[in-house]
Amino acid sequence: QSNNNGMPLLSVTKLRYLISVFNAFAARVGKTSLIMSLVSEEFPEEVPPRAEEITIPADVTPERVPTHIVDYSGKDYTIPLFRWIPLINERTDKDSRLPLILVGNKSDLVEYSSMETILPIMNQYTEIETCVECSAKNLKNISELFYYAQKAVLHPTGPLYCPEEKEMKPACIKALTRIFRISDQDNDGTLNDAELNFFQRICFNTPLAPQALEDVKNVVRKNLSDGVADNGLTLKGFLFLHTLFIQRGRHETTWTVLRRFGYDDDLELTPEYLFPPLKIPPDCTTELNHHAYLFLQSIFDKHDLDRDCALSPDELKDLFKVFPYMPWGPDVNNTVCTNERGWITYQGFLSQWTLTTYLDVQRCLEYLGYLGYSILAEQESQASAITVTRDKKIDLQKKQTQRNVFRCNVVGMKGCGKSGVLQALLGRNLIRQRQIRAEHKSYYAINTVYVYGQEKYLLLHDVSDSEFLTDAETICDAVCLVYDVSNPKSFEYCARIFKQHFMDSRIPCLVVAAKSDLHEVRQEYSISPAEFCKKHKMPPPQAFTCNTVDVPSKDIFVKLTTMAMYPHVTQADLKSSTFWLRASFGATVFAVLGFAMYKALLKQR
């Protein structure tokens, strides 16, 4: 539970009960005296039947959490101790049992310890966290009692460890394994000294001294033959250390690590960790910022073990081991650039993340959370990886944009060549496109395009049911109207969609005459495509084909991106060959430079 300030709140309902072991009945064991001695720091001579409910402020407790204490009257409960524990267990689920503390009160009345008597009970009921002897009269162990109670709630054994089996529970192993994989930043299967120091610093705000590091590894070496390899801590060694912490009663160490990496009391990643708040006003889009791209580049490099600038299926599977599920399906390989073997390239990897951020930023935040972005990048949350662009209306007013990702809806009748346009953006000609299985088809394609020396992302969306476009589907930065030059009925479809949805909008449109390698027939429409474009002040139809020996021309993609970047440019400029020449020249120069820089980066990696 939490108070109004969001701080965790402990209560007796969470702690179950404080049970005395010196009396066979719950009545007259000193429960009320314990509470009053804690509050007043002196033994009360007159004790009421029940103490008022109190909350101990966070700033006076060792764990810095407010603690709510509720007293129960002994008149209401006259159940023997040995019936209390089974009764409590009957009413709680076995896998989510809350911790229990045994309290031996009135220790001032005896001259011996009862611990030997209590040990069999503790062995019988593994949910008992600890036993403490105290005296309300002498103020012995009163503060300690409630400290142990806090500790039992904040750092419970139950979710972590199975006392009967003397080993960690599967959920704990799974969580710690993910933490190990995230912390193993060079992906060599061990935590070296630098990685261990980073881990120590982000979890406990202090580095380990060199000798302390060696002492930790020596402890593991003595107990586990394969716990240390190449002077680094292996996964088995990492899990062994945490088992040792738990067995020695240092649960708080393991819990500190788990909570730092986003886990709750049930060892699930919290919604607050996976989905940090991010406000996105209307007409704004979401993009990854520079720091996010650097992080994703490091993730790619970590898993590109053969240094071929592509992720094989095994490398991709290894990357997603920190996820609870496989987030990418086979359609991703037809959404972004791949190498000749169909493996996602470095550029394709960044493109897919860019696409996810644009289309579903909450999913992107979740994915970055699984990868440990906020921890490795030392940011408050993965929301710091996102840039929310300004309202598009401001871009139009200022006649310039700060966006780096532009969405273009591709419209046309079935079979006109829309899929070919999408795959051409990824550099695939007709031969490569024919290798795509129908069930792996993607309705999106994204790649970088250079315009006036600036690298931008062009996101193409194949709008399959163009006749029934919703308002949301008409929101984009540019429209690509595709018709088949060999089909006489093809252009009429484009003309009708344009008039219905885009003629009165400020969204720039480009008509593409697809399959231009085939014999061109007269379109069954009142005017020709060229006359239609002239009438509606659009650039003339752009001839396009995927049936090429090499990669298809990227000319239309430069034009679409340019139109999306400069929607305020007049139609006269758009029809000017000089305008497009400048854009294309910049694209060619910077594409060459970009490739050279990419090769240099590859050599460094």
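Modeller: Contact, or touching, means heavy atoms within 4.5 Å. This is a predicted model, in which local features need pLDDT of at least 70 and side-chain atom pairs count only at pLDDT 80 or more, while totals for chains, interfaces and linings use all residues. Residues are numbered from 1 along each chain as its sequence is written, and side-chain values use heavy atoms, with hydrogens and water left out.

Biologist: Which residues does Thr-474 touch, not counting residues up to four places away in sequence?

Modeller: Thr-474 touches Asn-409, Leu-469, His-501, Phe-502 and Ile-507, and its place is in the loop between β18 and β19; helices (H or I, at least four residues) and strands (E, at least two) are DSSP runs, numbered from the N terminus.

Biologist: Why is Thr-474 called buried?

Modeller: Buried means under 20% relative accessible area, exposed over 50%, and partly exposed in between, with a 1.4 Å probe and protein chains only. Thr-474 has a relative accessible area of 16%, and therefore counts as buried. Cys-476, in the loop between β18 (454-462) and β19 (478-484), counts as buried too, at 5% relative accessibility.

Biologist: What is Cys-476 in contact with, leaving aside its neighbours within four places in sequence?

Modeller: Cys-476 is in contact with Lys-392, Arg-407, Asn-409 and Ile-507. Cys-476 and Arg-407 are 69 residues apart in sequence, yet 5.3 Å apart in space, C-alpha to C-alpha.

Biologist: What makes α8 and α9 roughly perpendicular?

Modeller: Axes are lines fitted to C-alpha atoms, for helices over the stretch in contact, and angles run from 0 to 180 degrees between N-to-C directions. Angles under 35 degrees count as roughly parallel, over 145 as roughly antiparallel, 65 to 115 as roughly perpendicular and the rest as oblique. The axes of α8 (residues 210-223) and α9 (residues 235-247) come within 10 Å and cross at roughly 95 degrees, so the two helices are roughly perpendicular to each other.

Biologist: Why is the pair of Phe-180 and Phe-238 called tilted?

Modeller: Rings of Phe, Tyr and Trp (its six-membered ring) pair if their centres lie within 6.5 Å; planes under 30 degrees apart count as stacked, over 60 as edge-to-face and the rest as tilted. By this rule the count comes to 24 aromatic pairs. The rings of Phe-180 and Phe-238 have their centres 5.7 Å apart and their planes at 55 degrees, so this pair is tilted. Phe-180 lies in helix α6 (residues 170-183) and Phe-238 in helix α9, so the pair ties together parts that are 58 residues apart in sequence.
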